[in-house]
Amino acid sequence: QVQLVESGGGLVQPGGSLRLSCAASGNFFSINAMGWYRQAPGKQRELVAVIIRYTTTNYADSVKGRFTIYRDNAKNTVYLQMNSLKPEDTAVYYCNARVQKDTTPREYGYWGQGTQITVSS
């Protein structure tokens with residue numbers, strides 16, 4: 001089993017910054033991708049940013065230039081630095097990891113419990 005523990009959410013004013021972190025623990029062979037999704041009230045969950053393997057990153061158009069995803073491989077932790085936050089960034093943010101449990105190529109997906117981010121004055 002794999003556990004993802006998120007931290008760093010909260011209330012911030014428009015234009016402010018926050019950093020989310022997500023630490024993975026448990027039994028796995030490798031973590032192939034780690035990313036962040038978000039879900040606002042009444043909306044579907046959407047991809048915010050993902051880092052594949054160790055260096056390839058992909059961002060939603062709405063956060064490009066404002067958010068940065070990066071990974072500390074030694075700590076099995078992924079971070080999301082969020083700058084210039086807007087009210088429309090308000091949502092529950094979920095960490096996601098795709099892991100291999102052994103040397104076979106099959107991947108398993110896991111989710112964190114979610115952390116609320118509210119951008120409001």
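View 1. At 23% relative accessibility, Asn 76 counts as partly exposed. Partly exposed falls between buried (under 20% relative accessible area) and exposed (over 50%), with a 1.4 Å probe and protein chains only. The model is predicted: local features need pLDDT of at least 70, side-chain atom pairs count only at pLDDT 80 or more, and totals for chains, interfaces and linings use all residues. Numbering starts from 1 along each chain as its sequence is written, and side-chain values use heavy atoms, leaving out hydrogens and water. Asn 76 sits in the loop between β7 (67-72) and β8. Strands are DSSP runs (E, at least two residues) and helices are runs of H or I of at least four, numbered from the N terminus. The phi of Asn 76 is positive, about 50°, although this residue is not a glycine. Most residues other than glycine have a negative phi.

**View 2. The surroundings of Asn 76.** Setting aside residues up to four places away in sequence, Asn 76 touches Cys 22, Ala 23, Ala 24, Phe 28, Ile 31 and Met 34. Contact here means heavy atoms within 4.5 Å. Leu 47 is 29 residues from Asn 76 in sequence, and their C-alpha atoms are 20 Å apart in space.

**View 3. Thr 77, buried in strand β8.** Strand β8 covers residues 77-82 and includes Thr 77. Thr 77 has a relative accessible area of 7%, so it counts as buried. A polar atom of the Thr 77 side chain lies 2.9 Å from the backbone oxygen of Lys 75. Beyond four places in sequence, Thr 77 touches Ser 21, Cys 22, Ala 23, Met 34, Tyr 70, Arg 71 and Asp 72.

View 4. Arg 53 has a phi of about 55°, yet it is not a glycine. Its loop runs between β5 (46-52) and β6 (56-59). With a relative accessible area of 45%, Arg 53 is partly exposed.

**View 5. Thr 118 in strand β11.** Thr 118 belongs to β11, which spans residues 115-119. Its relative accessibility is 28%, so Thr 118 counts as partly exposed. The side chains of Thr 118 and Gln 116 form a polar contact of 3.4 Å. A polar contact is a pair of N or O atoms within 3.5 Å; within protein, one must be able to donate a hydrogen and the other to accept it, and residues adjacent in sequence count only if both atoms are side-chain atoms. Leaving aside neighbours within four places, Thr 118 is in contact with Gly 10, Leu 11, Val 12 and Thr 90. Lys 86 and Thr 118 are 32 residues apart in sequence and 9.2 Å apart in space, C-alpha to C-alpha.

**View 6. The whole chain, for orientation.** The protein has zero helices and 11 strands. Its radius of gyration is 14 Å, close to the 14 Å that the globule rule gives for 121 residues, so it is as compact as a globular protein of that length. The radius is taken over C-alpha atoms; the rule is 2.2 Å times the number of residues to the power 0.38. The C-alpha trace spans about 50 × 25 × 25 Å along its principal axes. Of the 121 residues, 42% count as buried. Among contacts between residues at least 6 apart in sequence, 56% join residues at least 24 apart.
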